[in-house]
Amino acid sequence: MKILFYDATSYDKESFDRELQNYENVEITYQEIDISLKTVSLAKGYDAICAFVNSDLSGPVIEKLQELGIKLILLRCAGFNNVDLEKAKACGMTVLRVPGYSPEAVAEHAMTLALAVNRHLHKSYIRVRENNFSLVGLTGINFYQKTAGIVGTGKIGAAMCRICRGFGMRVIAYDMYPNKDLDFVEYMSLEEVLKQSDLISLHCPLTEETYHLINKDTIAIMKPNVVLVNTSRGALVKTDDLIQGIRENRFFGVGLDVYEEEGNNVFENREDELLEHSVTARLLSFPNVIVTSHQGFLTKEALAAISQTTLQNAVDFEKGTISAGNLVL
């Protein structure tokens, strides 16, 4: 099977080349450029393409892939809201993903953001590098014996629950399908979770029901000085309402690995550009906000798992033995 990788980075190449040694009938070509209507023609002559979480897999792109004879779209990620699934189905294309590469990687990053913004590490790091050892403005709060509210308790959310429990926190959660393995978690309504939590961490998929789950109304019922973390999907949070809440001092801190405007920024170096009119620039202007570039998944263990599952998906497709859990359609 010949696979064209779009938006391939150095760490993609390193992890996939290492795993590729175990798949002698798979051939990979890496392209740094991402897929779009302008670049989809590069897939001519390939059996499958591999894309990432922000790749353009809209209807027109999928139609063009069908014209080129592509029958398989491999997603080296868990999310698939960037794929026009109806068009893929109509074109007879199979879409496979990596549903559970390393839940702990993302959960650990979520707690990293929570701790960093709480203890103002982003500010103290810069201060000390400039020989400023003042502690003024760096006071945080103890997470011990506070309440952690986890929205979504799938694999990543469950890992976050266990981390919070390890910190000695009371853990409450909202999920339409409670995880029976989390016997230490108190499940309750979303409203109660938002009302009672000192730390809120989002770990649910982006659907019509969860779109802008965090908005001016839900922010209004949160505790004053809450810490909010989002490592799931940017559109779970209505950014304009979040910014207004930050301005009104509703939050002690906000940690974001994802945000609504991230499409043009994620994995890109834009240090020579001005972002003066962007939502990103407004978020970065607040002293109690930390934004990272969708790096929650980025550990060696997670990359190895992504590589293995993606390549196995390709082989299983050829053999007709696809795992139902990895099948999007």
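Biologist: What volume does the largest cavity have?

Modeller: The largest cavity has a volume of about 80 Å³. This is a predicted model, in which local features need pLDDT of at least 70 and side-chain atom pairs count only at pLDDT 80 or more, while totals for chains, interfaces and linings use all residues. Residues are numbered from 1 along each chain as its sequence is written, and side-chain values use heavy atoms, with hydrogens and water left out.

Biologist: Why is a space called a cavity, and how is its volume defined?

Modeller: On a 1 Å grid over the protein atoms alone, a cavity is a set of points where a 1.4 Å probe fits but cannot get out. Grid points are joined across faces, edges and corners, and the volume is the space filled by probe spheres set on the points. The count comes to 2 cavities of 30 Å³ or more, and the second largest cavity holds about 40 Å³.

Biologist: Which residues lie nearest the centre of the largest cavity?

Modeller: Tyr 11, Asp 12, Phe 52, Arg 76 and Phe 297 do, out of 13 lining residues; a lining residue has an atom within 4 Å of a point. Helix H1 (10-20) and helix H11 (300-319) each give two or more residues to this lining, and the largest share, 4 residues, comes from H1. Helices are DSSP runs of H or I with at least four residues, strands are runs of E with at least two, and both are numbered from the N terminus.

Biologist: What makes 5 residues in the lining of the second largest cavity nonpolar?

Modeller: Ala, Val, Leu, Ile, Met, Phe, Trp, Tyr, Cys and Pro count as nonpolar, Asp, Glu, Lys and Arg as charged, and the others, Gly among them, as polar. The lining includes Val 237, Leu 242 and Tyr 259, so these three belong to the nonpolar class. The remainder of the lining divides into 3 polar and 1 charged.

Biologist: Which residues of helix H9 are buried?

Modeller: In H9 (residues 239-247), Thr 239, Asp 241, Leu 242, Ile 243, Gly 245 and Ile 246 are buried, that is, under 20% relative accessible area with a 1.4 Å probe, protein chains only.

Biologist: How much space lies in the largest pocket, and why is it not called a cavity?

Modeller: About 1200 Å³ lies there.

How values were computed:
On a 1 Å grid over the protein atoms alone, a cavity is a set of points where a 1.4 Å probe fits but cannot get out, and a pocket is an open set with protein on both sides within 12 Å along at least five of seven lines; lining residues have an atom within 4 Å of a point. Buried means under 20% relative accessible area, exposed over 50%, partly exposed in between (1.4 Å probe, protein chains only).
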